[in-house]
Amino acid sequence: LWFEWNKEEIAWRYTFISLLGQDDEASLASHLLHHHGLAPLLASQAGETFTQFMNNRVPPDNTPEHANERTYRFVQSLEDFSAVREMRGLLESLTLGGLRNFHAHDHSLAVRKWRDRIGNCEWEHSSDCFVQAATSESTAKLMSE
């Protein structure tokens, strides 16, 4: 049983990302890259290549007063990393309907896998489930460093 988005007349807005002033396709691509974790997944799979790329851009100071700057530079490093830029281009080349199906598929798999294991993981609260990228050990390691 697969979920297919077929309500083209309904406009979706990804509130925080839409603040960037992007069109719907770019907004949903950003949502998939960052909220669904495709960007850190791609970066983590690149291993040392991404680590070296990021280390040239993110200050090594781990003190709390530099946390915001480190976070900003980490996200910017993800955005500028070649594999992530390529994925953004591929995502933005899809139709809005295609992107919505991709998005719905990720949530659908998450609900089916986690609904009996995570308290509020249900169809109505699919954002409370772990999407596919969240189950990657390499992504978890990258995000915890």
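## Ser-144, an exposed residue

Ser-144 is exposed in this predicted model, because its relative accessible area is 59%, and exposed stands for over 50%, buried for under 20% and partly exposed for what is in between, with a 1.4 Å probe and protein chains only. Ser-144 is found in helix H8, where its side chain reaches the backbone oxygen of Lys-141 at 2.9 Å. That distance can be set beside the definition of a polar contact, which is a pair of N or O atoms within 3.5 Å; within protein, one atom must be able to donate a hydrogen and the other to accept it, and residues adjacent in sequence count only if both atoms are side-chain atoms.

Residues are numbered from 1 along each chain as its sequence is written. Because the model is predicted, local features need pLDDT of at least 70 and side-chain atom pairs count only at pLDDT 80 or more, while totals for chains, interfaces and linings use all residues; side-chain values use heavy atoms, with hydrogens and water left out.

## The helices as a whole

The protein has eight helices and zero strands, and from the N terminus on its elements run α-α-α-α-α-α-α-α. Helices (H or I, at least four residues) and strands (E, at least two) are DSSP runs, numbered from the N terminus.

Of the 145 residues of the protein, 35% count as buried. A contact means heavy atoms within 4.5 Å, and among contacts between residues at least 6 apart in sequence, 57% join residues at least 24 apart.

## Two nonpolar cores

A nonpolar core is a set of buried Ala, Val, Leu, Ile, Met, Phe, Trp, Tyr and Cys residues joined through side-chain atoms within 4.5 Å. The largest nonpolar core has 20 residues, and those with the most contacts inside it are Leu-32, Leu-33, Leu-38, Phe-50, Phe-74, Leu-78 and Leu-91. At least two residues of this core come from each of helix H2 (24–35), helix H3 (38–46), H4, H5, helix H6 (82–92) and H7. A second, separate core has seven residues, among them Ala-110, Trp-114, Cys-121 and Val-131.

Phe-74 is one of the residues with the most contacts inside the largest core. When its neighbours within four places in sequence are left aside, Phe-74 is in contact with Phe-50, Met-54, Val-58, Leu-142 and Met-143.

## The largest pocket

On a 1 Å grid over the protein atoms alone, a pocket is an open set of points with protein on both sides within 12 Å along at least five of seven lines, whereas a cavity is a set of points where a 1.4 Å probe fits but cannot get out; lining residues have an atom within 4 Å of a point. The largest pocket has a volume of about 350 Å³, the volume being the space filled by probe spheres set on the points, which are joined across faces, edges and corners.

This pocket is lined by 16 residues, and Met-54, Arg-70, Phe-74, Leu-142 and Glu-145 lie nearest its centre. Helix H4 (48–55), helix H5 (67–80) and helix H8 (137–144) each supply at least two residues of the lining, with H5 giving the most, namely five residues. By class, the lining has ten nonpolar, four polar and two charged residues, where Ala, Val, Leu, Ile, Met, Phe, Trp, Tyr, Cys and Pro count as nonpolar, Asp, Glu, Lys and Arg as charged, and the others, Gly among them, as polar.

## Two residues of helix H5

Ser-77 has its place in helix H5 and counts as buried because its relative accessibility is 0%. A polar atom of its side chain lies 2.8 Å from the backbone oxygen of Arg-73. Apart from its neighbours within four places in sequence, Ser-77 is in contact with Phe-50, Phe-53, Met-54, Arg-57 and Val-58. The C-alpha atoms of Ser-77 and Phe-50 are 8.6 Å apart in space, although the two residues are 27 residues apart in sequence.

Thr-71 also has its place in helix H5, but Thr-71 is partly exposed, with a relative accessible area of 48%.

Ser-44, in helix H3, counts as buried at 11% relative accessibility. Its side chain makes a polar contact of 2.9 Å with the side chain of Ser-138, and Ser-44 touches Ser-136, Ser-138, Thr-139 and Leu-142, not counting residues up to four places away in sequence.

His-107, in helix H7 (residues 96–114), counts as buried at 10% relative accessibility. A polar contact of 3.2 Å joins its side chain to that of His-36.
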